[in-house]
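Hi everyone, thanks for making time today. Let me put the structure up, and then I'll walk you through a few spots I liked.

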Amino acid sequence: MQTAAIGIDFGTTNTVVALTNGDSEARLVVFPHDNDEIVAFRSALSFHADPLDPRDRVVEAGPWAIDAYVEEPLETRFIQSFKTYAASPLFVHTNVLGRWFRFEDLLSAFLIRVRERAGADLATLPTRLIVGRPVNFAGLRADPTLALSRYQIAFGRLGIADIRYAYEPVAAAFFFARQLKADATVMVADFGGGTSDFSIVRFRREGGEVRSRALANSGAPVAGDAFDYRIIDHLVSPALGKGTSYRVFDNVAPIPARYYAAFARWEQLALLRASRDMRDIRGLIRTALEPDKIARLVEILDHNHGYRLYQAVSRVKEALSADPEATFSFHAGDVAIETTVRRDEFDAWIAPELAAIAAAADEALAKAGLKPADIDKVFLTGGSSFVPAVRRLFAERFGEAKLESGGELVSIATGLALIGAQADTAEWARPLAGV
């Protein structure tokens, strides 16, 4: 007997939700936005004071949060990629328009808006919820017990009593297992925004049903977001003055590198504009040896071009997945940055991340006591699985013929919902006490 369930893949970049009515199929929740229907709901929050009552806060999430921030960047507190703080004991709370929010408060506010924006799809929730979790949470001194306790509070506020947790790559494995025609040992590699996670699972078919045994899990706290920053750091920041110098009386000094650290996340650029550093950055136009570059930096900050800049980064990364060479093109106001980048250059930029990903995959093999030849299939999922250098890592280890992909954005949420539909989820997911 199967159960109605909801699966939520709360990701660093996007959140995807799937439902099952207790059958063998799962359907994705869609969100109508700007005459479009999306399934990947951006993991972002915005807060701004209600114009009718400044003591109240208007909360938005997903693409609506981005819309609010782009429209009023200095009047809006924008938060994205906050999953990276889930396991951090250093993150206690943050002040938002005079009110303190803990991590679980942020996640709860986000989930409430997800439900509201879904409309009829989530008006009535099933009694069982399966939540995805990374193998290793991102961040320094990451504490998975702390992260899961925060998850439990936030997801519990949805009013669902039966909450269970499954490793994200295990959920992807469940999604993939439906394709198997024979017994197989599978490595699942899930590449998100903040983490790259791996699971090795042994599947067998018994009486028409798929049975499994998890052999090993591993993970690395690097993925697509780190790739984006490498593009920014090598293509964009030098065009905005990084690596150049300015005059200090009779001496020449380098432009402070800290001005460019904010480009790790585009929403941080508004904070840089509002910081004390902004006055110094404006002053550099008079003393810089290459003042035009600093003028570009000032315009990007003053006119809130950060989001458009990261859209350009995403486009060139996607283009490099298809072609050996692509043009990075960013035009906003008086700022124009256009340059050609080769795929082999990009591969060199992300070499540290590739090494970390390879080490995590090898760790999973070592934990399972297996060699690459013992793996029958490798299922690659998540946005960065499209990056040729990532795929090449696994082709070199396991052979191109073993590689499979599909459902890059939706495999985890779909797998979570299908796990929840099982009468017995013990093989795949467990309540908090058992995680």
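Let's begin with Glu168, which lies in helix H4, residues 168–177. Keep in mind that this is a predicted model. Is Glu168 buried or exposed? Its relative accessible area is 3%, so Glu168 is buried. Leaving aside neighbours within four places in sequence, Glu168 is in contact with several charged residues, including Asp9, Lys83, Arg133, Asp190 and Asp197. Gly132 and Pro134 are also among its contacts.

Gly132 and Arg133 bring us to strand S12. Why call this strand largely enclosed by the rest of the structure? Because 6 of the 6 residues of S12, 128–133, are buried. Arg128, Ile130 and Gly132 point one way, while Leu129, Val131 and Arg133 point the other way. In a regular strand, side chains alternate between the two faces of the sheet.

Now for the partners of S12. Strand S1, residues 4–10, pairs with S12 in the parallel sense over 3 bridges, and Ile6 has Leu129 as its bridge partner. Strand S13, residues 162–167, also runs parallel to S12, joined by 6 bridges, with Asp162 opposite Arg128. To get from S12 to S13, the chain passes through helix H3, residues 144–156, in a right-handed β-α-β crossover.

Last, the cores. The largest nonpolar core has 64 residues, and Met187, Phe198 and Phe394 are among those with the most contacts inside it. Helix H11, residues 351–368, gives this core its largest share, 7 residues. Apart from it lies another core of 42 residues, including Val17 and Leu125.

Methods:
Residues numbered from 1 in each chain as written. Predicted model: local features only at pLDDT ≥ 70, side-chain atom pairs only at ≥ 80, totals over all residues. Heavy atoms only, no water. Core = buried A, V, L, I, M, F, W, Y, C linked by side-chain atoms within 4.5 Å. Buried < 20%, exposed > 50% of the residue type's maximum accessible area, 1.4 Å probe, protein only. Helix = DSSP H or I, 4+ residues; strand = E, 2+ residues; numbered from the N terminus. Contact = heavy atoms within 4.5 Å. Pairing = 2+ DSSP bridges. Right-handed = clockwise from strand over helix to strand, strands pointing away.
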